[in-house]
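Let us walk through this model from the contact between its chains to single side chains.

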Amino acid sequence: MKKRAIIPNLILALTSILCLVPFLLLIASSFTDENALVLYGYSFFPKKLSLKAYQYIWQQGIVIVRAYGITVLVTILGTGVGLTITSMLSYPLSRKDLPFGKIFAFLVFFTMLFNGGLVPTYLMYVKYLHIKNTLLALIVPGLLVNSFFCMIMRSYFISNIPDAIIESAYIDGANEFKIFTKMVLPLSKPIMATIGLFLGVNYWNDWYNGLIYLTETKLFSIQNVLNRMISDAQFLASSNLGSTVNAGAIQLPATSTRMAIAVVTILPIFVAYPFFQKYFIKGITIGSVKG
Amino acid sequence: MADEGKALRGKKKQKRTLQKLKRYYMLYLMMIPGLIYLLINNYVPMSGLYLAFKNIDFRLGLLGSDWIGFKNFEFLFRSQDAFIITRNTILYNLAFIVVNTVIAIMLSILLNEIISIRRIKLYQSLILLPYLISMVVVSYLVLAFLNTKGFINSTIITGLLGRGTGISWYSEAKYWPFIIIFVNAWKNVGYLCIIYYASIIGISSDYYEAASLDGARMWQKIRYITIPLIKPTVITMVLLSLGRMFYSDFGLFYQVPMDSGAIYSTTNVIDTYVYRALIQLSDIGMSSAAGVYQSVVGFIVVLGSNLVVRKVSKENALF
C-alpha cells in the first residue's frame, strides 16, 4: 500500500513546489540589492542582500498605510453589507411557499447569463450615479451582490432549513423577519462564513474597480498602488507630496521596491491562509453544487 | 409557477393569496435592497445596449444622440481587430478547458491515492494558493521570471544555456499563447482539483474493494471506476466554462502581458479590446459595439451549450 503512493506523492510534491516557487522568487528579489538586480538579474539566491527596498517603503509609509487602510475599510464594509443584502435576498427565494418566488429567482439567475457589458455599466455609474473618484466606486460596482453567491446560499437554505421549524415558529407568533434572524441565520453559520470569506477575498484582491473608476490616487487601494507601480515605479515618490523626507532620503531602488510592495500586499493573505484554508476549501465544494 | 397559476383561479383562492401577501410582505421587504442592486448593476446596463446603435455625443446626451443603425458594427467588423479578438477569445478558452480539466483530474486522482490526511491537506492548500492571489500580484510574479533581467533570461538562457542575449518576452507575440495558458493553469487548476477531488471521495469504497478482489490494478480502477463516476461533475464544470467562452479573465490578458502593445496579436481578447476602446481611446461607438457583440453571442453560446446538455443528460443541465 505505502510503496504505491511514492509516485503520487512525488508528483504532488513537485506540483506544490511549482505553485510556491514564484512567491519565493518574488521574496528573494525584494531582498536583493538594486545594483545586483540590474547587473545579474532576478535570482532565488541574491548575489547581494539588501533591506533598502523595505527601508524605502517604510520612509514612504504614509502612502502604503493609507492604501492599506482603504483596502481594509473597503473589505470590511463590502463584505458586511454584501453578506447582509445577499442573505436577505437569498432566504425569501428559498421559500417554496413564497408567492411569485420563482419569478424573482429567475430575475436573479438571469443576470448570470446576460449582461450589458462594460460600456453601459461604466456610463451609468460615472454619468448618472457620479461614483467616479469616490470610495463607493471600490465597493459597489460588480462586487457587492453576486447572483452566483445568491444561488448557492439559496440552495443551502432549501436543503438545510426544515420547513417544519419555520411553520412552527410562525404558528407560535413570530413574524417572518424574526424567523429569519432568530432561527434561520443561527442555523446557517457555515454558509454565511463561506460566502463572507469569498466576498472578503474578492474585495481584498480587487483592482478592477479602481482601475476603471479612480483617477484620484488618494483613494487607491493597495492593489491599485501595486497596479500603478508596475508601469510607474516612481509612483510612490511622486504621490507622496506632503512628505518632507524626500530631500535626504535614499535613492529610489525602483525594481526591488516594486517587488517589496508586492510582498507587503500578499503578506496578510499568507499569514491568514492557514487559519481559513479549511473553510475556503469547503466553500469551493459547496459552490460546485449547482443551485 | 404552476402553483401560482392555480392560486389565481377562483375568487376564493384569490382571497387566500391576499392572506398570503399579508404574511409574506416582510419577505418581500427583505429582498428589496438586493433587487434594487441587481436593477442598477445589471438590468439598467442591459437596457444600455442601445448605445451601440447611436453616435454618442455627450453634448446631446445619451438619449439625444443620433441613431446610426449598424454603422458601429460595420466599423468593428471591417477592422482586423474583430477577427483577432474573437479568435483569441475562443481559442484561449478552449485551450484552458482542455489543459485545466486534464491536469485537475490527474491531480485529484493522485490526491486520492495519498493516505496521510495531513499530506492531503498540505498538497491541497499549496496547490490552491495561487487561486487566492490577485492578477496584479500574478503579473509581478511573471515579471520576475520574464523581465529582460528576469530569472529565465539571466539564469536559464544566458546562465545555463550560455546564449549571449535573452529573449525580450514582452515584445514577442509568439510565446504568449504558452505563457498565458501556463499562467492560467497555474492559477486556476487548484480550484478545479478540489472540486474533482470532492467528487472522487464521494465514490463509495465498495466499488474499489470489489475491484481489488477481482484483481484490478490501480490504473484499471481509475479507468473503469473513478473516471466514469466523476464524469457528471466534469461535464457540469466544462459546460460552465463553455458557456463563458465569449468572456475572458480581464486581468489575465491585461495585467499579465503588462498591456504591451507589441504582443496584442496574441493577447488581445474581447474584454481587453472593449476596455481599451472605452478607457484609453474614449471610442464609445467601437467599444459598445464590441460589448453588444460579446453579450449577444455569449448569451447564444450559453443557451446553446445548455440545450446540447439537456439533450444528452438532463440532470446535468443548468436550467
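This is a predicted model: local features need pLDDT of at least 70, side-chain atom pairs count only at pLDDT 80 or more; totals for chains, interfaces and linings use all residues.

Residues are numbered from 1 along each chain as its sequence is written, chains are lettered from A and ligands numbered from 1 in the order in which they are written, and side-chain values use heavy atoms, with hydrogens and water left out.

In chain B, 91 residues are in contact (heavy atoms within 4.5 Å) with 103 residues of chain A. The two chains bury about 9,100 Å² between them. Buried area is the accessible area (1.4 Å probe) lost on putting two parts together, summed over both. Carbon and sulfur atoms carry 76% of it.

Two salt bridges are counted between chain B and chain A. A salt bridge is a side-chain nitrogen of Lys or Arg within 4 Å of a carboxyl oxygen of Asp or Glu. Glu167(A) forms one with Arg23(B), their closest N and O atoms lying 3.4 Å apart. Helix α2 (residues 11–47) of chain B supplies 20 residues, the largest share of the chain B side that touches chain A. Helices are DSSP runs (H or I, at least four residues), numbered from the N terminus.

Now take helix α1 of chain A. Ser16(A) lies in this helix. Ile7(A) counts as exposed (over 50%) because its relative accessibility is 57%.

Definitions and conventions:
Buried means under 20% relative accessible area, exposed over 50%, partly exposed in between (1.4 Å probe, protein chains only). Helices (H or I, at least four residues) and strands (E, at least two) are DSSP runs, numbered from the N terminus.
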